[in-house]
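Have the structure open while you read.

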Amino acid sequence: MIRRSLLLSAVAVLTLAACGQGADKKAGAEGAPLLVGATAVPHAEILEVVKPILAAEGVPIEIKVFNDYVQPNVQLSEKRLDVNYFQTKPYLDEFNIARGADLVTVAGVHVEPLGVYSKKHTTLAAIPNGAQVVLPNDASNTGRALLLLQGAGLITLRDPTNPLQTVRDVATNPRGLKFQEVEAATIPRILPQVDAAVINTNYALDAGLKPKTDALSLEGADSPYVNYLVARPDNQSDPRVQALATALRSQAVKDFIAKKYDGAVIPAA
């Protein structure tokens, strides 16, 4: 009986130790770096600028790069990330509704003007009747893309201001444009195959496009689509999260954005 008790005790100790090791690996574990999810360009590049600033303040961060818009929110909801930085509020609102999540914005950092691009045509006027035009397939960016095309004079929409319209809400389409909705991250790769495409600036930059000179039409600096640092309700007030928010809105970051992206990314007001 004594030997069995000792064996059970040893198993219990090992089990507790294993649980402790697992807990250490969770996002936000005490003493661990703040784990931040981001898309590569410009978000991860901007985070690299603030990384040494925060390290000097005793707030180490670890950047996890994603190539899609879904997993950064999924993993934040599941507490596999502490925060993420890649999205606009309309996209976040759409995700929260669709997934029953409650992620929250912490600080607005920058605007990435959405653009219309083409490898076949050099002006909007040159886009022919019946042209194939690719749009991002998530609801917030589809609506945003349609508003951009409306502003460029290519279509009109039933509600000229609704940010969540779909292609079914196109009221007039004088050129008979044919719309195809594709995952945002893949659009730059298929750009040569279509007449035109609406591309998010982070993916345009990652593909070597220069929004300021390559886009046939580009949102203005007054775009309401600000990219936010996002957290959960349980950690949005964490001093480390607030320190990251302050650093992302610092003059050093604003100067970096202005110099690095030449108008393709604009600091938020």
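Let's start with a pairing: strand β4 (residues 104–111) runs antiparallel to β12, and 6 bridges join the two. One of the residues involved is His110, whose bridge partner in β12 is Asn227. Keep in mind that this is a predicted model.

β12 also pairs with strand β3 (residues 83–88), again in the antiparallel sense, here over 4 bridges. On this side, Gln87 has Tyr228 of β12 as its bridge partner.

| Strand paired with β12 | Sense | Bridges |
|---|---|---|
| β3 (residues 83–88) | antiparallel | 4 bridges |
| β4 (residues 104–111) | antiparallel | 6 bridges |

**Helix α4**

Next comes helix α4 (residues 89–99), where the buried residues are Tyr91, Leu92, Phe95 and Asn96. Looking down the axis of α4, you'd find these buried residues within an arc of 135°, so they line one face of the helix. What do they pack against? The buried residues of α4 meet α3 (71–77), β3, β4, α5 and β12, and that brings us back to the strands we began with. After α4 comes Gly100, with a positive phi near 65°.

**A residue in α5**

α5 (residues 139–151), one of the elements that α4 packs against, is the helix that holds Thr142. Is Thr142 buried or exposed? Its relative accessible area is 3%, and buried means under 20%, so Thr142 counts as buried. Leaving aside residues up to four places away in sequence, Thr142 touches Leu135, Pro136, Asn137, Gln165 and Glu181.

**Helix α2 and its two partners**

Now over to helix α2 (residues 40–56), which packs with helix α10 (residues 251–261) at an angle of about 140°, their axes 11 Å apart. Angles over 145 degrees would count as roughly antiparallel, and α2 and α10 are therefore oblique to each other. Their crossing is right-handed. On the α2 side, the contact is made by Pro42, Glu45, Ile46, Val49, Val50 and Ile53, while α10 brings Ala252, Val253, Phe256, Ile257, Lys260 and Tyr261.

α2 also crosses helix α9 (residues 239–248), at roughly 120°, with the axes coming within 10 Å. Roughly perpendicular ends at 115 degrees, and α2 and α9 are therefore oblique to each other. The crossing of α2 and α9 is right-handed. Here α2 uses Ile46, Leu47, Val50 and Leu54, and α9 answers with Ala243, Leu244, Ala247 and Leu248. Ile46 and Val50 turn up in the contact with α10 and in the contact with α9.

**The whole chain**

Stepping back, the protein chain has 10 helices and 13 strands. Of its 269 residues, 47% count as buried.

Notes: Residues numbered from 1 in each chain as written. Predicted model: local features only at pLDDT ≥ 70, side-chain atom pairs only at ≥ 80, totals over all residues. Heavy atoms only, no water. Buried < 20%, exposed > 50% of the residue type's maximum accessible area, 1.4 Å probe, protein only. Contact = heavy atoms within 4.5 Å. Pairing = 2+ DSSP bridges. Arc of directions from axis to C-beta. Axes fitted to C-alpha atoms, helices over the stretch in contact; angles between N-to-C directions. Parallel < 35°, antiparallel > 145°, perpendicular 65-115°, else oblique. Left-handed = near helix turned anticlockwise from the far one by under 90°.
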